[in-house]
Amino acid sequence: MNKDRRELITAGAAALPGLALGMTDEPCERPARGPDAHHFPNHVVVTHEGARALFYDDLLAGKTVVIHCMSLATEPVYRTAEALARVQRLVGDGLGRDLFFYSLTVDPERDTPKALRDFAARRGAGPGWLFLTGETAVMHELRDRLYQGGAHVHDGQPGCSLALLRYGNAAVGLWGSVPAKADPAWIAQRLSWVQARDLPQGPPRRRGPAPLRA
């Protein structure tokens, strides 16, 4: 059993909406790891509801997600959570079932689970939208992995990580980015491009023009 998994179990993790946290070492109890599992550190994070989870295994693996970085102090400037609240209204009851939102604080020393819980309530965050915090080094590493190339903080100024939404289907390793200030309907449409779809049923149907009649 790895260190992070032991820490999660020892802490007595609470159940997360829409998530199944593995509690044994049996392979059937662990989420399937996807093609980009190596890219995301599997650190322990804490939700605004006080639950602990492994970032990749419990929150990303096999799911379609939207992730963004924020802080309560800079939200009035970047308004990424505000933008995500508008997208939430468009995706409806698919949130928490087909799609998950994760808001990662880059200021975990001030953005405690309680502070994030109060903020989530003000934003009307529904099931499937989690605000995440953790150790400072952990949250900064997650931000850097999500926004490699230009997303770091330079001279005290945050980079593009606070102005972009990352979205993707972790089951197939398909990812993209969109400015948080984009039209919410356009953001919702982009999410539909990476969401899993049911396979067609029945025999294949002919495509193209109808056959010519004699």
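Predicted model: local features only at pLDDT ≥ 70, side-chain atom pairs only at ≥ 80, totals over all residues.
A residue counts as partly exposed when its relative accessible area lies between the buried limit of under 20% and the exposed limit of over 50%. Arg-86, at 30% relative accessibility, therefore counts as partly exposed. The model holds 10 salt bridges and 7 aromatic pairs.

**Salt bridges within helices**

- Arg-86 is joined to Glu-82 by a salt bridge, with 3.3 Å between the closest N and O atoms.
- Both Arg-86 and Glu-82 belong to helix α4 (residues 80-91), where they are 4 residues apart, about one turn of the helix.
- Glu-82 has a relative accessible area of 21% and is partly exposed.
- Arg-79, Glu-82, Arg-86 and Arg-123 are connected through a network of salt bridges.
- In helix α6 (residues 136-146), Glu-141 and Arg-145 are likewise placed 4 residues apart, about one turn of the helix.
- The closest N and O atoms of the salt bridge between Glu-141 and Arg-145 are 4.0 Å apart.
- Glu-141 is partly exposed at 30% relative accessibility, and Arg-145 is partly exposed with a relative accessible area of 27%.

- Arg-33 and Asp-57 form a salt bridge through their side chains, at 2.3 Å from N to O.
- This pair links distant parts of the chain, 24 residues apart: Arg-33 is in the loop between α1 (3-10) and β1 (44-47), and Asp-57 is in helix α2 (residues 55-60).
- Arg-33 is partly exposed, its relative accessible area being 45%, whereas Asp-57 is buried, with a value of 1%.

**Aromatic pairs**

- Among the 7 aromatic pairs of the structure, that of Phe-40 and Trp-175 is tilted, because the ring centres are 5.3 Å apart and the planes stand at 50°.
- The two residues of this pair come from distant parts of the chain, 135 residues apart, with Phe-40 in the loop between α1 and β1 and Trp-175 in strand β7 (residues 174-179).
- Phe-40 is buried at 6% relative accessibility, while Trp-175 is partly exposed at 21%.
- The pair of Trp-129 and Phe-131 is stacked, since its planes lie at 20° with the ring centres 5.2 Å apart.
- Trp-129 is buried, with a relative accessible area of 1%, and Phe-131 is buried at 0% relative accessibility.
- Phe-40, Phe-55, Tyr-56 and Trp-175 are joined into a cluster by ring pairs.

**Charge over a ring**

- Lys-63 places its charged end over the ring of Phe-100, at 5.8 Å from the ring centre.

Methods:
Residues numbered from 1 in each chain as written. Heavy atoms only, no water. Buried < 20%, exposed > 50% of the residue type's maximum accessible area, 1.4 Å probe, protein only. Phe/Tyr/Trp six-rings, centres within 6.5 Å; stacked < 30°, edge-to-face > 60°. Lys NZ or Arg CZ within 6 Å of the ring centre and 35° of its normal.
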